[in-house]
Amino acid sequence: MSTATISVSNVSKFYGEVLGVNRVTVDIPPGLTGLVGPNGSGKSTFMHLLCGLLRPTQGTISVLGVPPDRPEELFRLVGYCTQYDSFPNGATGLTFLQHTLALHGLDRRTADSRAREILDQVALTEAGGRRIAGYSKGMRQRIKLAQAICHDPRVLVLDEPLNGLDPMGRAEMIDLFKKLARDGRHVVVSSHILHEVDLISDRVIMIHGGSVVAEGEIRAVRGEITAQPLQVLVRCDRPHAVAARAFELPHVVEARIIDDATGVLLRTRDARRFFPELGRIILDTGVEVETMTPADENVHAVYDYLIGATGGGS
Amino acid sequence: MTGGPATGWPLWRRQIAVLARQEVGRSLLGRRVLPILLLALMPLGIALLRALFLPESQRAHPGHTTTEFAQIFHFFLLRFIAFFATALLFVKLFRGEMLERSLHFHLLAPVRREVLAVGKYVGGLISAALAMAATVALTWVLFYVPHGSLGFSYIASGRGLGELAAYVGITVLACAAYGALFLLAGLFVKNPMVPAMLFLGWELLTPFLPGYLKALSIVHYLGSLEPVPVSQGPFALLAQPVPGWLAVLALVAISLGLLALAAWRTRALEITYSVD
Amino acid sequence: MAVYERIWRRYEGRLTPIGRRWSVVTRYALAEAFSSRIFTAFYVLCLLPTLIGIFLVYLSHNASLLENIGLTREFMGGLTDIFFQILFSWQAIPAFFVAVIVAPSLIAADLANNALPLYLSRPINRRDYVVGKLAVLAILLSPITWMGGLLVFVLQSYLEGGSWWRTNWRIGAAYLIGHVTWIVVISLLSVAISAWVRFKPAARGALFGIIFILAGFAQAVNFVTRSSIGDLVHLLRAIFNVVLWIFGQPLRNDLPIAASWLTLALTCALSLWLLHRKLRAHEVVE
């Protein structure tokens, strides 16, 4: 097994008769990978399996060459921020981190200083001495993140890490994740907030009904969904003119003026012919184009096509 | 991240110490200590009441105190107080954290599952042994206090101290054996109190069982170690007493065997928190 | 063809009267209790003592049936106080187990899952919530205790005829007062433990523990003090003394009957205090 990737090979997990994940095979390289799927799709099950909190019914998992049933090795490499919002009774933020670091083998003094360092990093310096039970939701989320990163892991598995954070907090955490990913670590983030997954992820894994429906860079994934016409948003000064001329093209199936009439959304079945012909239309009509961008090369659109009401299995 | 022993016994020792320290802190310094305290106060309350109600004529003769304490120790301290105190402490080690939904934090640390089980057990044992040994020792002392100087001289005598050491030792062994049992119950069963109550029933029936069945109870071995034999009543079936060294060996073996089973079970532990 | 506008409308139907809102809590809790087939089967078995009692009453008045099985009415001894005392125990013990099985899931589950603020943010207060939960136990325990016992008593009175019931009114009174007292005490205690311990398995263990540890403690105190003073904390002894007192039988210890009533009253008071402390819609973290 490769020591540079997280390898999941033909993994299934049954809870009695209920299927949690179904024959999942993915390789997760370094960088930021978004894990996307509706509620109950198997995201948390997948993450639990990666981290050994669940045993697969079949298949094999290797995290940088270490199987999850060797926690003494695995958790030197992996930090996991779970979805569970409960903590050991009576623990303060500081003692929670100190205990975690002590289990990593650090002596008391080193564990203490490292714990304080991490509390600074997640902006909980003032609250470190207070009981976690008295923390706000955002603070509890930060302390969970702190526990996941305190031992400087090479792999970070984060289950909805931005839940409960205010916009500033989200921005700070996103910056942190990106920094960690740039350092060559594996960062796997699950989220329901698709535009954030889009913003932060280099690649995405989409799960639905326990099965992986798509994985890879979002643009590449979109390119493979040939059943759905490509959407292009053209912002210009005369969208009606562009729309009228675009409709003459046989492969254009829809032209919709957007609400503020500053652009037109075009849908085409043939991206290769579309762009040169659109260029000709723009030259002929003398329209001033402000921007021209693919409107559905994002997680939200791909999610809708593959999982949401407009798609599902396509 | 650098720092700390990399692997092997030095790391495991340190991790066991960390886990045990945490469990002792939570069991004896947190709110969890309240039920243990209430249990510990009961025998002390009995000793105090005895001191108040002891007739004057008996205060000059501490001889019967030895028998009385032996009865209280066997029938109440061992069978109820130590039993329930260890149940309370050890069931919470895994099952309690599963219900609190905080067990996963231990499983997310680079700790071998067996080391986790041993560390928690050691923490529970230290807590139970400290609480129960202190209770037994204090109760024993309070039993002799009403006898004044006679009582104090017995306490300080070789025989008295030997008796005290025996009772404290039996209590620690009881905590070890029952603790391992309840730790295992907490890992195997969703409602560990059910097998605990069934086992309590079994232990209460032990005096009336034949010898080969008595051997399947913990209290049989504990009873064999008591410095003052206690009558089990007219309907009890007598059996050959177990030699002291064998009883200690059996109790240690039971504790280690159950702990080994618990450690093995921990390897297969999965986190599936659900509503009970 | 009609076009239907789907909009939200305020409920305009009948509302449960404010004074009976607690019954909503009861209804759902009962449904949850009976959702378990094992519990339903066990509950049906708890009716056995009553059925056996009814059978024995019928048997003792049926000469031909007695003759068929080779017994006489004199052998049966008539159905005396002893029979009814034993029947009382046979009914009270399963009732205890029903309380042990059902009570922990009444409040512990709500506390463990932070459901109490959801309840108390509705037009229902703590009193209604507790009354609703206690009503579950009252409804479950009554048929297998005082109702069944009174049925046996009424049957016996009818078959004996005359003024049997006037001479033996204590039996009926013992069943009614004794069982109702037992239901009140065990319900309050088990619900209070359920609120204190929060986790169902632990609550069950705590209930067993409290009853049996206190019994052991009481016996130990009696032993060392050579008196019955330990029985002040012996719940089972207290309730049986109350029943014996109503039956007109000698008590099991030398304490006055007021001591047993005091034990039961203090248990109820302590349980209510625990409920008052534990059932809040907010949590204070220090």
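**Helix H4 of chain B and its setting**

Tutor: The model is a predicted one. From the N terminus on, the elements of chain B run α-α-α-α-α-α-α-α-α-α-α-α. In other words, chain B holds twelve helices and zero strands. Its radius of gyration is 20 Å, close to the 19 Å that the globule rule gives for 276 residues, so chain B is as compact as a globular protein of that length. The C-alpha trace of chain B spans about 70 × 40 × 35 Å along its principal axes. Among the contacts in chain B with a separation of 6 or more, 85% join residues 24 or more positions apart.

Helix H4 of chain B covers residues 63-100. Of the 38 residues of H4(B), 29 are buried; the helix is therefore largely enclosed by the rest of the structure. For chain B as a whole, 46% of the 276 residues count as buried. H4(B) also has a kink of about 60°, centred on B:Lys92. After the helix comes B:Arg101, whose phi is positive, near 60°.

What does H4(B) give to the largest nonpolar core? That core has 231 residues, and those with the most contacts inside it include B:Ala82, B:Ala85, B:Ala180 and B:Leu183 from chain B, together with A:Ala146, A:Val157 and A:Met206 from chain A. Helix H4 of chain B supplies the largest share of this core, 21 residues. In soluble globular proteins, nonpolar side chains tend to be buried together.

One of the core residues on chain A shows what such a position touches. Beyond its neighbours within four places in sequence, A:Met206 is in contact with A:Val36, A:Gly37, A:Val212, A:Val213, A:Ala214, A:Tyr303, A:Leu306 and A:Ile307. A second, separate core has ten residues, among them A:Val234, A:Val242, A:Ala255 and A:Leu266.

Finally, consider where the two chains meet. The contact takes 26 residues from chain B and 28 residues from chain A. On the side of chain B that touches chain A, the elements giving two or more residues are helix H1 (8-28) and helix H5 (104-107) of chain B. H1(B) gives the most to that side, with six residues. The residues on this side of chain B divide into twelve nonpolar, seven polar and seven charged.

How values were computed: Residues numbered from 1 in each chain as written. Chains lettered and ligands numbered in written order. Predicted model: local features only at pLDDT ≥ 70, side-chain atom pairs only at ≥ 80, totals over all residues. Contact = placed C-beta atoms within 7 Å. Helix = DSSP H or I, 4+ residues; strand = E, 2+ residues; numbered from the N terminus. Nonpolar A, V, L, I, M, F, W, Y, C, P; charged D, E, K, R; others polar. Rg over C-alpha atoms; globule rule 2.2 N^0.38 Å. Buried ≥ 20, exposed ≤ 12 C-beta atoms within 10 Å, placed from the backbone. Core = buried A, V, L, I, M, F, W, Y, C linked by C-beta atoms within 7 Å. Bend = angle between axes of the 7 residues up to and from the residue.
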